[in-house]
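Dear colleague,

I am passing on the structure we spoke about, together with some notes on what turned up when I went through it. Please look at it first and then read on.

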Amino acid sequence: MDLNGANTAGQRDGRTDADGGAQPGQANGSVNRPGQQNGAVAPLPTYLTHRLRLNPSADHKPDNYEDLELDFSPLVFSSLERYLPPPLLLQTRDTKVNFMREILRRYYPQSDRIRVQKHREYRQKIISNYQRLHTELYEMHAENVFVPSFINLLNENSGQSLKKRLNEPAEGIYTFEMLQPRFCDMLMAEVENFEKWVHETKFRIMRPNTMNKYGAVLDDFGMETMLNTLMEEFIRPISKACFQHVGGASLDSHHGFVLEYGMDRDVDLGFHVDDSEVTLNVCLGRKFCGGELYFRGMRCDKHVNTETQMNESFDYAHVPGHAVLHSGRHRHGARATTSGNRINLLLWCRREMKKYQKDFSSWCGHCKREKEERRDQSVAATKLELLRRDGRTAATN
């Protein structure tokens with residue numbers, strides 16, 4: 001939108017109402033438009049004149065940028081908008097886009113920009129050619145997706161009351177029934193239909209990650225908007241209550257995919273951490289044996305390969321329709337699926353705008369033990385010094 005040519009609310013080609021009163025935005029015959037002050041055109045905001053906020057505006061609902069041709073992912077713009085200074089939040093979408101694009105072009109590596117553009121073209125090619133099987137899957141209708149107990153859990157609870165209602169079988173690991181059997185069946189059928197299309201057209205697709213040879217990225221064939229709603233409206237409230245220490249309250253992007261295990265598919269999954277702040281893992285179904293998840297404690301990058309303490313070990317057996325929610329930094333793996341086939345929905349929930357962090361002792365098990373050891377050593381040294389002082393005092397007396 002051209003700011004200098006935009007009409008303000010109530011303005012009609014410079015005319016006033018029939019009663020002769022001035023229109024909103026008019027005073028003494030002059031019109032103040034966005035970007036104007038007292039009739040003069042004010043300079044548009046730039047990164048040199050306006051600083052980003054240190055913390056995101058949690059209550060602000062950002063604009064949707066998916067309909068625009070942009071150099072970067074629309075989700076990056078929606079995420080960055082929460083960090084805009086308050087005066088900019090009231091500006092038009094075009095003004096905000098120009099401001100954010102200027103920042104991103106200045107600091108976003110050229111190689112990343114090229115990669116994003118190529119992936120956008122790849123995704124658009126799939127969406128333009130793939131014929132959907134179940135169109136209702138591509139929009140969020142909670143009553144057709146979730147079991148009533150999950151909807152009631154979110155509707156009736158928030159914050160700490162929500163956290164208390166969740167089952168936490170091990171520290172930082174939450175389990176709950178989530179998806180209806182019909183939705184699970186439709187999603188598995190949709191993925192099977194997509195794989196059939198890939199095989200018939202010989203289209204080369206990107207697999208979900210570097211560790212799995214089978215599975216499909218749901219975002220790539222049109223489910224990005226639905227999964228983003230899943231994250232924002234249903235997972236983020238839980239993460240805000242349970243994963244504040246890793247940014248659970250400000251999740252703003254995701255990577256959604258389905259993994260397949262069993263005969264002629266991936267058998268197991270090695271010990272690893274996820275590229276996410278919070279991970280949702282839901283078993284969709286099929287009949288299978290094995291495939292348990294094993295968890296071995298949270299770690300920062302420095303300590304990801306350190307030993308596991310006894311209280312950090314936990315095994316989880318998949319149940320169709322049931323979810324496990326955990327931090328991406330929680331080390332885990334999947335044991336072999338010994339018979340049948342198992343299909344899981346994974347949603348890696350992320351923060352595009354990550355905070356720089358130096359102290360991980362609030363969640364890294366090894367950092368926490370090191371901090372406790374330093375504290376114990378300090379207390380012991382203080383006690384020893386006090387005993388020495390008491391000894392010297394007694395000797396002088």
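**Aromatic pairs and what surrounds them**

Y294 is buried, with a relative accessible area of 17%, whereas F271, at 40% relative accessibility, counts as partly exposed. Please keep in mind throughout that this is a predicted model.

By the rule used here, the count of aromatic pairs comes to 15. In one of them, Y130 with W197, the ring centres are 5.8 Å apart and the planes stand at 65°, so the pair is edge-to-face. Y130 lies in the loop between α4 (110–129) and α5 (142–145) while W197 belongs to helix α8, so this pair ties together parts that are 67 residues apart in sequence. Both Y130 and W197 are buried. F271 and Y294 also form an aromatic pair, but a stacked one, with 6.2 Å from centre to centre and 10° between the planes. This second pair likewise links distant parts of the chain, since F271 is in strand β9 (residues 269–272) and Y294 in strand β12 (residues 293–298), 23 residues apart.

Y130 and W197 also belong to one aromatic cluster, which they form with Y122, F194, F203 and F221. Separately, the charged end of R132 sits over the ring of Y138, at 3.9 Å from its centre.

Helix α8, which covers residues 181–201, has 21 residues and reaches 30 Å from its first C-alpha to its last, close to the 30 Å expected at 1.5 Å a residue. Its buried residues are F183, C184, M186, L187, M188, E190, V191, F194, E195, W197 and V198, and two of these, F194 and W197, are members of the aromatic cluster described above.

What happens to the backbone just after α8? There K202 takes a positive phi of about 55°, although K202 is not a glycine. As background, most residues other than glycine have a negative phi. K202 lies in the loop between α8 and β7 (216–217), and at 71% relative accessibility it counts as exposed. R286 is another residue that has a positive phi without being a glycine, in this case of about 80°. R286 lies in the loop between β10 (278–285) and β11 (288–290), and with a relative accessible area of 40% it is partly exposed.

C349 has its place in strand β16 (residues 337–350) and is buried, with a relative accessible area of 0%. Which residues does C349 touch, not counting those up to four places away in sequence? They are M231, I235, L251, S253, S276, E277 and V278. The C-alpha atoms of C349 and N228 are separated by 9.2 Å, although these two residues are 121 residues apart along the chain.

S239, in helix α9 (residues 224–242), is buried as well, with a relative accessible area of 0%. The C-alpha atoms of S239 and T279, 40 residues apart along the chain, are separated by 9.7 Å.

**The protein as a whole, and its confidence**

The protein has ten helices and 16 strands, and buried residues make up 45% of its 397 residues. Among contacts between residues at least 6 apart in sequence, 79% join residues at least 24 apart. The accessible surface comes to about 22,100 Å², of which 50% belongs to carbon and sulfur atoms.

The average pLDDT of the protein is 84, and 86% of the residues score at least 70.

Definitions and conventions: Residues numbered from 1 in each chain as written. Predicted model: local features only at pLDDT ≥ 70, side-chain atom pairs only at ≥ 80, totals over all residues. Heavy atoms only, no water. Helix = DSSP H or I, 4+ residues; strand = E, 2+ residues; numbered from the N terminus. Expected span 1.5 Å × (residues − 1). Buried < 20%, exposed > 50% of the residue type's maximum accessible area, 1.4 Å probe, protein only. Phe/Tyr/Trp six-rings, centres within 6.5 Å; stacked < 30°, edge-to-face > 60°. Lys NZ or Arg CZ within 6 Å of the ring centre and 35° of its normal. pLDDT = per-residue confidence, 0-100. Contact = heavy atoms within 4.5 Å. Areas by Shrake-Rupley, 256 points an atom, 1.4 Å probe, with all protein chains shown as cover.
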